[in-house]
Amino acid sequence: MDKKKIKEIIDQTENFVKETLSKDSTGHDWWHVHRVINLAKRIAKEESADIFIVEMSALLHDIGDYKFFNGDEKAGSVLVRNWLSSLDIPASIVDKIAEISSQISFLYTLPDEKVVAKKNSSITPCKELMIVTDADRLDAMGAIGIARAFTYGGNFKRSIYDPAIKTIKFVSKEEYKTTTAPSINHFYEKLLKLKNMMYTKLGRKIAKRRHRFLKLYLKEFFKEWKGKL
Ligand code: ADP
Ligand code: NI
């Protein structure tokens with residue numbers, strides 16, 4: 001595909017994504033997608049990956065989110081596939097983008113049942129999937145990750161913190177979807193785990209800094225909670 005055509009497809013997809021996400025208020029806004037694209041493209045350059053596949057998958061990664069379909073993990077991929085088939089892209093590339101964009105969620109790393117935490121998938125993800133996954137996870141860390149966690153929590157009527165509600169160590173898919181725990185618990189159930197889940201070299205480097213900031217934030221939070229600061 002030539003440069004002009006690639007730009008056209010990306011612009012059209014960008015408009016489609018903006019339009020679809022404008023109906024959401026769970027923190028899956030356009031600016032999250034925008035940040036994920038920028039980070040993913042930066043990592044893609046380092047990894048010599050296919051930038052078109054990375055950008056398209058990043059653009060579409062939250063469109064099919066189960067949260068928009070009452071928890072249904074499959075419904076979203078139909079929407080993504082329909083969009084891709086309306087574009088002039090070779091079928092093999094459509095397949096790849098559809099597959100990648102449907103596999104990015106943190107949810108897919110969680111076990112279906114409450115068993116000891118293990119990775120669900122035993123297959124090695126392709127380079128482009130690793131890159132977009134790292135970029136998506138990085139946006140849940142650091143200063144922006146903190147803002148997103150409390151926005152998400154507030155949206156679902158979660159409190160900031162409650163010492164009586166303990167964090168769960170091994171979260172299953174069902175628990176992740178239905179938890180009503182305070183937002184601070186989410187740091188222990190997900191955010192602090194992300195650093196060790198990075199696939200790429202640059203991802204690991206950026207995650208290290210964002211992880212440090214998460215820990216510093218929690219340290220200050222608990223000191224303030226006890227009235228020590
Ligand atoms: P993913 O894109 O990996 O599926 P989610 O859609 O679950 O991630 O989360 C979107 C954003 O909301 C992330 O920043 C995430 O950390 C945050 N979030 C998800 N679940 C909770 C929760 N129970 N409490 C607070 N924040 C949450
Ligand atoms: Ni996302």
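Me: Is K157 buried or exposed?
Reply: K157 counts as exposed, because its relative accessibility comes to 78%. Keep in mind that this is a predicted model.

Me: OK. Where does K157 lie?
Reply: K157 is in the loop between α7 (142-155) and α8 (173-178).

Me: And what is phi of K157 near?
Reply: Phi there is near 60°, which is a positive value in a residue other than glycine. As background, most residues other than glycine have a negative phi.

Me: What about S48, what phi does that one have?
Reply: S48 isn't a glycine either, and its phi is positive at about 45°. You'll find S48 in the loop between α2 and α3. With a relative accessible area of 59%, S48 is exposed.

Me: Which residues is S183 in contact with?
Reply: If you skip its neighbours within four places in sequence, S183 is in contact with A149, F150, G153, R158, S159 and I160.

Me: In which helix is N185 found?
Reply: N185 belongs to α9, which covers residues 183-189. N185 has 2% relative accessibility, so it counts as buried.

Me: What does N185 touch?
Reply: Not counting residues up to four places away in sequence, N185 touches Y161, I165, K166 and T167. With I165 there's a polar pairing too: a polar atom of the N185 side chain lies 3.2 Å from the backbone oxygen of I165.

Me: New topic, the metal. Which protein donors does the nickel ion (ligand 2) have?
Reply: The donors are H32 (NE2), H61 (NE2), D62 (OD) and D136 (OD), and they lie 2.1 to 2.6 Å from the nickel ion. Along the chain their spacing reads H-x28-H-D-x73-D.

Me: You mentioned α6. How many residues does α6 have?
Reply: Helix α6 has twelve residues, 127-138. From first C-alpha to last, α6 reaches 17 Å, close to the 16 Å expected at 1.5 Å a residue.

Me: And why is α6 largely enclosed by the rest of the structure?
Reply: Because eleven of its twelve residues are buried. The buried ones include E128, L129, D134, D136 and R137.

Me: What do the buried residues of α6 pack against?
Reply: They pack against four other helices: α2 (30-46), α3 (51-60), α5 (91-102) and α10 (201-225).

Me: What about the largest nonpolar core, which residues touch the most other members?
Reply: That core has 54 residues, and V17, M56, L60 and L84 touch the most other members. The largest share, eight residues, comes from α2. In general, nonpolar side chains tend to be buried together in soluble globular proteins.

Me: What is M56 in contact with?
Reply: Leaving out neighbours within four places in sequence, M56 is in contact with I9, I10, T13, L84, L87, I89 and I97.

Me: Zooming out, how many helices and strands does the chain have?
Reply: The chain has ten helices and zero strands.

Note on methods: Residues numbered from 1 in each chain as written. Chains lettered and ligands numbered in written order. Predicted model: local features only at pLDDT ≥ 70, side-chain atom pairs only at ≥ 80, totals over all residues. Heavy atoms only, no water. Helix = DSSP H or I, 4+ residues; strand = E, 2+ residues; numbered from the N terminus. Expected span 1.5 Å × (residues − 1). Buried < 20%, exposed > 50% of the residue type's maximum accessible area, 1.4 Å probe, protein only. Contact = heavy atoms within 4.5 Å. Core = buried A, V, L, I, M, F, W, Y, C linked by side-chain atoms within 4.5 Å. Polar contact = N/O pair within 3.5 Å; in protein donor to acceptor, adjacent residues only side chain to side chain. Donors = N, O, S within 2.8 Å, 3.2 Å for Na, K, Ca; no water.
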